[in-house]
Amino acid sequence: MNKLKIYFLSLLGVLLIASCEKLVEVDYPTNQIGTEQVFEDLQTAHAALVGLYAGLRDQSLITGGSYYGAGVLLGAYADDLDCYYYDQNGVVDISNNLQQKTNSNIETIWNTAYQQVYYANSIIYGAEHSTTLAESDRNHIKGEALFVRSLIYLYLQQLFGDIPYTASLDYEYNSKLSKTSAAAVLEQLKADLEEATSLMTDDYRDTERIYPNRKAAQLLLARVYILRQEWPLAEQAAKSILQSPLYQFQPDLDEVFHSSGTHILWQLQPQNSGDAVPDASFYYFTGSTPNSFVVSQDLLHTFAENDLRKTHWMALETFEGQEWYRPCKYKNLPGDNTNEYAVVFRLEEVYFIMAEALARQNRLDEALPYLNATRQRAGLTALASLTGEAFNSELLAEKRREFFAESGLRFFDLKRWGRLNDLSAVKPNWQDYKQFWPLPQKELLLNTNLSPQNTGY
Amino acid sequence: MQKDKTCPLKLFRLLFLRSLIALLFVTHANAQTITVTGWVSDPQNQPLPSVTIIIKGTPSSGTTTGADGRYTLKGAPPNAVLSFSFIGFKTQEIPVNGQQQIDVQLQEDVKALSEVTVNAGYYAVKERERTGSIAKITAKEIEDQPVSNVLSSVQGRMAGVSITQNSGVPGGGYNIQIRGINSLRADGNYPMYIVDGVPVSANAGSVLSGITFPSNGEINPLNAINPNDIESIEILKDADATAIYGSRGANGVILVTTKKGKAAGKTAFSVNSSYGISRVTNRMEMMNTQQYLDMRRQGYTNDRITKYPSKAYDVNGVWSQDRYTNWQDELIGHTAENKTIQLSISGGSPQTSFLISGSHNEQTTVFGNGFRYKTDNLSASLNHRSADNKFTLDATGLFSDQSNNLVQTDITKQSLLLSPNAPALYNANGSLNWENNTFTNPVAAYNGTYSYGSKTFNINLNLRYELLPSLYIKLNGGISYQAFEDLLLYPSTMYNPSYGITPSSSTAYKSQNQRYSYLLEPQLNYKYRAGDHEIDLLAGSTYQRTKNTEMRVLGSGFESNALITNLSAANNVWVDSDVLTQYKYAALFGRINYQYKNRYIINFTGRRDGSSRFGPDNRFASFGAIGAAWLFSEESFVKERWSFLSSGKLRGSYGLTGSDLIGDYQYLDTYTVSSTSYGGSTSLYPSRLYNPSFSWEKTTKLEAALELGFLNNRVMFNAAWYRNRSGNQLVGIPLPRTTGFISIQANLPATVENTGLEFELSAVPVKTEKFQWNSSLNISFPKNKLVSFPGLEGSTYANQYVVGHPTSIVKIYNYEGIDPNTGLYRFTDYNNDGNITSPEDNQVIKNIGVKYFGGWNNRLAYKNLEFSFLFQFVSQNQWNYNSLTPTPGTKYNQPVEVLNVWSEANPGGQYMPYSSGANSQKGLLHGYLMNSTRAVSDASYIRLKNVQFSYRLPVNQYIQNIRVYVQGQNLWTITNYFGIDPEFVTIGFLPPLKTWSFGLQLNF
């Protein structure tokens, strides 16, 4: 018993006295790295960028084949797609132009967009304050993050009009943001992208072009220029891409969505080998009525009978005597995909930007070849000279045929050309105020500085 | 008729016994002393072991009864008086008068109940000397109920403790509120669980379990303990009882004590087996096919749609319009079975005793389809005391193995919403029917299973040594280990074949969580008594370390679904999460208890805590309480004037407790590794918004209570008032998403107050030799209020809380009725802007929560028969079915109440004319309805919670006793609630089930 006594007493003594700081110190959890540490090393800094790209690929406005991506939602919001999906206060309402300020999809889009903005801001801050990364690394990391942030902001601006813009990480500041006017946002984006192009280089980090380079940033900058009606600048930006030896026009329609093409400026690689591009499975259905969305009659009618895109980029499905065309630009189903990545920017868009910039400067003859390129690839004859309004209409129509269900370009084009109200012909619920989506109601409740809500909602 | 036969035998026996007695008498008549033998029993004729028998006047001579209740006392003078005493029973004195056989039946001493001790965690206290608020139930109440988690048997039995089962699916969680909700943080309200002295994690689930179980996938830790292994449950409520748990005591403490072997008994075996069946408590009356199709067609007519859309299979002729299925019968109408068997062995010597118990339990679900929950438990306890009584050792080991296999999404909601003319679930050949790809077959979801296996191991060791007289040194130590594995499957067969999904898209998640924790608590305890003074001192320290590992792997793409549970067969495998986290906790604690004249008691408790959950500058804090009691019935002026008062106590306490329930590492500025990869590289994401300066949430508790006993304590009455105030609220403050995140961890200068009154009345209305009726009633009136919230108006909580109202309020639209001109719902437009908008117009404040609750428990015993029943009652407001149901007229079934639709001919109709879904205005208005005064209503209920009927068969020489019992749970409910069942935490999940169980217990 004496031994026991001693043992007890000593243990008690140790534990009674030892109640100090050391006892409650813990190591970092094994799945976390200190923020400063992330930007001490190129590998971890790149991993932070990977988080950004994975987010863009999996759930963002540029994610194709998603109920939260612009390709699908804006395709249906405008006149390219018909909705066969069913939900409440979500996709169906957006397709019918009946979105409420509580729309769950709009809320998700907003939330993920600003989350990605924060990630980008965090990376920009990390790169700027790194003391160990080489300057060139700091530059391209910051440039890529700036580029991604600008891409998100541009979509947000186009969807919501005036938006809160922030480059800060301070949550107190960010929780009281006011809206920045659309014009000011575009001006800011121009500055941001000009900085990004100066920080990035033409070299791709990966030969498969899965990370953006300076040219991708220039394309985005060109989108901003045409929105700001800075036609010569847009022309110049487009020209620098067209003149680059990195890119060649893809003459084969069936190769446009194959990942090896040199007409691709930037594409998103699926996570695993074999994974399908979201678009491929999203629109897919067979032996039933459609599950998600099909090509609208209105869009179908804009294709000439012999337009190859109607047979190569769409698939006809029949069920109980009814016919539908589903978008089929990407064809490989899950488990079966080796050569398709989700294309974000392709050279064809630069052709259309060039055509628009030239046409707006009344250089229609110079513009025409850029318009004819995709026509001819689709098996159509080149158009002879067009004038004024006819050229503009044809530009819009041809871009629609080329980019249907891609990135929401149709909606942005109609908006830029001031033709959104044309939608009333096929969309019974269309009204002028619907050019903007409502800000999520929850957001307005949490931050009154964001008031007023967009008109009409 | 048998009289004749027995007559000779009786005669013989009589003669034999008489002569034997005579012989013995003669033998001893000459001696100075005699030997007395006999049998001591309780009022139920059960043998009473360990009864002390002494010869009055010579306390040194005496004996005790054995496990069979028998005793032998040698050397008693023939004229002696024997005294029979035992705790809880009235002492009886019987003159020997030369008898050599004295059988005694001891009567229970009701007053002695106050001698019962209550476990307060670090110390035990006599019920009469208790200064704090501690509720208790014992094995007696627990074993009456056919439940697999002991918390179900606490429901309705404790004042101030509100318990709701999260769902009727076995193996899930419970919502427990001990004196209300203190924290604004939803997951900051878990009580602390301590099993045999060792803390266990309040949620035994994982990330994946959140897909299947409501309330964040909570799996209750007490699922791992067989209720029949539990000796008692004590719930600590006020400051006096909880402050010694410091930073973890704010939400109350649940102490679980398992059964121990009884010293000095013969080796006893016990077998207990039961079989039960369970069904849903209630079904909603939904529309039949005719009513449903009429509604649908009317919806299209109202929307001026003449050609039914191609997708409207229910009305456009693709599906048969003559079919009718009651989907509640089909999907949640199965009978669940419940089988239990338990074996135990106990025994020991005066120094050492043991108890070993093993049990197996199996439950199926009302979903059918072979889903099953199984538990195996093995528990062992060993208690030893040295011959000189100076050293004691108590060791307990609890092992449990649970496995649960379930459909991953609760199908209850589907069973209500599915069109009544939807096609058959299965084809003639037994395969799933997709009705040519037009039918989203609900049981296809059954292919997507969620299953878990949980192995837990708890060991507790408690050593005590009497160093000097009355000075004890103690060590409480323990290990708690849990290995939790789960598997979530998404095979391609879950999906409609028209999606073209093949096994190459099948996905399986597998996760493994291990929680390992150890605890060391050395303590010193000193008891001093001199004259009228009594002091009890306790000092100790705690060191706890917890290590959690989590590994979650995702596999996708299989050659065949048959291989889906084996991730090595997946085309792509990636590790979703691989993380090790630590939690360290250290503390010093103490208690000073002083009693004067056995009637004035004062109790100080305190604790200084350090926790790794806070940033380096905020790790330590101090907590403490003072409690006092006055046993005024001991005062002579009370004794003289109020002799009917057999006991009376006033007590009160005040103190500070805390909460550190925020998860680990929230103060760090980090990036988190994610399995999501791009370009073949893994990714890093910012973990959270950075705030290193948050600290403890603090709750001050104040209580006053009166405890009275009348008529020799045959009637007991307790009343308690409490006021708890929680400040420095530790919450994730909601942020606008422009900050990149949903919230930030911080202390909020808001104060939440919980006040309440609790009453308990217990009585023994009838007590005769053969018949006894015990009855007890408890009722609690909890009140929750947000007392202050500086800056609420400008904060992100502005539309969630209102100062002066409970924190469980909802702000909803005011439903005015149906506009007779338009036939549309009308809501109050508070700001008169012509639009119904939020937050301007959802101005009606309703409290979702309990107004009062309680239980009425009765136990009637007649000879060997026992009958008990418990009524539980709850008065509350809840969301009703209007908050869940989709727009009437869309492709979802509706309750028959929706038939009462408004029209000019039926101006009293309660629902707007139907819409197929194409009328967006109606969709919008229905959305307001779902969030209006129509969607919140009274959900009070009275429930026959438990009925138990048992019969003890007479004993024979081999079998000590046989007990046969029938038990029922949730048998009968009275409610006006509009919905499937008023007892729920999250609407739309399977409510608790109704159970009948039959069992047999053998002791030998």
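**Notes on B:Asn458 and chain A**

1. Start with B:Asn458: its relative accessible area is 11%, so this residue counts as buried, the cut-off being under 20%. Bear in mind that we're looking at a predicted model.

2. Where does B:Asn458 sit in chain B? You'll find B:Asn458 in strand β22, which covers residues 449-468. Leaving aside residues up to four places away in sequence, B:Asn458 touches B:Val200, B:Thr396, B:Gly397, B:Leu398, B:Ile479 and B:Ser480. With B:Ser480 there is also a side-chain polar contact of 3.3 Å. As for B:Arg826, 368 residues apart from B:Asn458 along the chain, the C-alpha atoms of the two are separated by 59 Å.

3. Over to chain A, which has 19 helices and seven strands. Its C-alpha atoms fill a box of roughly 105 × 55 × 50 Å along the principal axes. Of the 457 residues, 61% are buried. Take the contacts between residues at least 6 apart in sequence: 69% of them link residues at least 24 apart.

4. One helix pair in chain A to look at is α11 (residues 231-242) and α15 (residues 347-360): their axes come within 9 Å and cross at roughly 145°. The crossing is left-handed. On the α11(A) side, the residues involved include A:Trp231, A:Ala234 and A:Leu242, while α15(A) brings A:Leu347, A:Tyr351 and A:Met354, among others. Sorted by type, the residues of this contact are twelve nonpolar, four charged and no polar.

Terms used. Residues are numbered from 1 along each chain as its sequence is written. Chains are lettered from A and ligands numbered from 1 in the order in which they are written. This is a predicted model: local features need pLDDT of at least 70, side-chain atom pairs count only at pLDDT 80 or more; totals for chains, interfaces and linings use all residues. Side-chain values use heavy atoms; hydrogens and water are left out. Helices (H or I, at least four residues) and strands (E, at least two) are DSSP runs, numbered from the N terminus. Buried means under 20% relative accessible area, exposed over 50%, partly exposed in between (1.4 Å probe, protein chains only). Contact means heavy atoms within 4.5 Å. A polar contact is a pair of N or O atoms within 3.5 Å; within protein, one must be able to donate a hydrogen and the other to accept it, and residues adjacent in sequence count only if both atoms are side-chain atoms. Axes are lines fitted to C-alpha atoms, for helices over the stretch in contact, and angles run from 0 to 180 degrees between N-to-C directions. A crossing is left-handed if the near helix is turned anticlockwise from the far one by less than a right angle, and right-handed if clockwise. Ala, Val, Leu, Ile, Met, Phe, Trp, Tyr, Cys and Pro count as nonpolar, Asp, Glu, Lys and Arg as charged, and the others, Gly among them, as polar.
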